[in-house]
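The entries follow the structure.

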Amino acid sequence: MASDLRLICGNRNYSSWSLRAWLCLQKAACEADELVLPMDTPEFTQRIGELSPTRRVPVLWIGEEWVWDSLAIAETVNERFAQGRLWPRAPELRALGRSMAAEMHSGFPALREALPMNCRAKDRAVLIDDATRGDIARVCSLWEQALERTGGDSWLLGDWSIVDAMFAPVAIRFRGYALDLPTSARRYVQLWLDDPDLQRWLKLAEAEPWRIEHEEVGS
Ligand SMILES: N[C@@H](CCC(=O)N[C@@H](CS)C(=O)NCC(=O)O)C(=O)O
């Protein structure tokens, strides 16, 4: 039976916002049709207008209704298809998770610019400027604060939650480039790399034919 849900994504290799939305659907066990529109191509330019009100991805179509922007998709999936279980029950942990998710959504411009998500990259050598170093340190400190609150050896807030989806692309960035990271951050990156849903996404990214030169950073 065709699904009522349809996720419009960018390239799996590069589209970090698409990955976040996709992970929320997986963790909520939602079946959705997927349409991958290769970014920076005439096809993307031609088709995106009728699929996304912002001309950006991801967009989740629920029947005739569209929900755009990764964080809005995450919240909608949580509310409608996961009975709220994509956030912790404890209000103080939810507040921490929402603060971290919002900071990721609106912040870390240097990290995002200097170290683009590239699922095919591993340990690439890059020059890190002070702003990027500061963003990396802030991410590691946020992860540490959350992990300290919840015991330290699992997802950021104990059980998997939306905040993990928001930081999954950072885990991929941290694998992609040769960085000096604290042990707790390395452990969290490895937790993501061992996750079966993420492994499926990485396999699909590996198999994609498209390459976007300006997203290929480091050597
Ligand atoms: N705030 C948006 C950002 C969406 C975004 O920037 N998506 C990128 C792909 S990761 C995009 O659509 N790029 C294609 C373009 O701008 O032409 C979200 O959270 O979903």
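I took a polar contact to be a pair of N or O atoms within 3.5 Å; within protein, one must be able to donate a hydrogen and the other to accept it, and residues adjacent in sequence count only if both atoms are side-chain atoms. I noted that this is a predicted model, in which local features need pLDDT of at least 70 and side-chain atom pairs count only at pLDDT 80 or more, while totals for chains, interfaces and linings use all residues. Residues are numbered from 1 along each chain as its sequence is written, and side-chain values use heavy atoms, with hydrogens and water left out.

A polar side-chain atom of D69 lies 3.0 Å from a nitrogen atom of the ligand. Taken alone, the ligand exposes 520 Å², of which the protein buries 76% (Shrake-Rupley method, 1.4 Å probe).

I then listed the surrounding residues (a heavy atom within 4 Å): S15, S16, W17, M39, F44, R56, V57, P58, D69, S70 and H105.

I turned last to the domains, whose bounds come from an automatic or database domain assignment. The assignment gives domain 1 (5–85) and domain 2 (91–201). Their C-alpha centres lie 21 Å apart. I found 21 residues of domain 1 in contact (heavy atoms within 4.5 Å) with 23 residues of domain 2.
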